[in-house]
Amino acid sequence: GNQLLAAYRSIPDELGKPTAQLADAGYLNGEAISQLQEEEGCEVYCSAHREDAHNERRYDYRPPAKSERPVRELKDPVLIAMRDKLATEEGKAIYKKRASTVETVFGIIKSVLGFRGFSLRGLEKVSGEWGLVCLSLNIKRLHTLKIAMMG
């Protein structure tokens, strides 16, 4: 949850700052959400499901877990407000955009390109490996666009 604000601040000023940010439950951090919304003027939509044990599966065929983690009740007013915001029709519609933006890219990288983990170790080597994955994805996209344009 400590990377929400850092990710926002890492965007170069030349690109402009976004007015809204979508994030999954891994970025849930009340202090960062407050800073982004109040100090930076960026509306945040961050899932609070991890905290309140929301289960999105319609059917669960798995046997019950032997020891389930206790449900942590939300106490932070910022996180309660976030949960309530995402429960509205507008909040659901905005948050649903994650499925067609970033999640699709990760799905293609994993299933189409077959990239499931790094083979190398160390920041420099992993950065190089990730660069190749991104290059491969972009070449695939360009190839697909070229075929579509040719009819």
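Phe106 lies in helix H6 (residues 102-112), where helices are DSSP runs of H or I with at least four residues, strands are E runs of at least two, and both are numbered from the N terminus. The model is predicted, so local features need pLDDT of at least 70 and side-chain atom pairs count only at pLDDT 80 or more, whereas totals for chains, interfaces and linings use all residues. Residues are numbered from 1 along each chain as its sequence is written, and side-chain values use heavy atoms, with hydrogens and water left out.

The protein contains seven helices and two strands, arranged from the N terminus as α-β-α-β-α-α-α-α-α. Of its 151 residues, 22% are buried (under 20% relative accessible area; exposed, over 50%; partly exposed, in between; 1.4 Å probe, protein chains only).

The largest nonpolar core comprises 18 residues, of which Leu4, Leu28, Ile33, Leu36, Val44, Cys46 and Met82 touch the most other members. Such a core is a set of buried Ala, Val, Leu, Ile, Met, Phe, Trp, Tyr and Cys residues joined through side-chain atoms within 4.5 Å. Helix H1 (3-9), helix H2 (30-39), strand S2 (43-46) and helix H4 (77-87) each give two or more residues to this core. Val44 touches Leu4, Gln21, Ile33, Leu36, Gln37, Met82 and Lys85, residues up to four places away in sequence not being counted; contact denotes heavy atoms within 4.5 Å.

Together with Val102, Phe118 and Trp130, Phe106 makes a nonpolar surface patch of about 320 Å².

Terms used
Patches are made of residues with over 30% relative accessible area and no salt bridge: like charges are joined within 9 Å, nonpolar side chains (Val, Leu, Ile, Met, Phe, Trp, Tyr) within 5 Å. Accessible areas come from the Shrake-Rupley method with a 1.4 Å probe; for residues, only the protein chains shown count as cover. A salt bridge is a side-chain nitrogen of Lys or Arg within 4 Å of a carboxyl oxygen of Asp or Glu.
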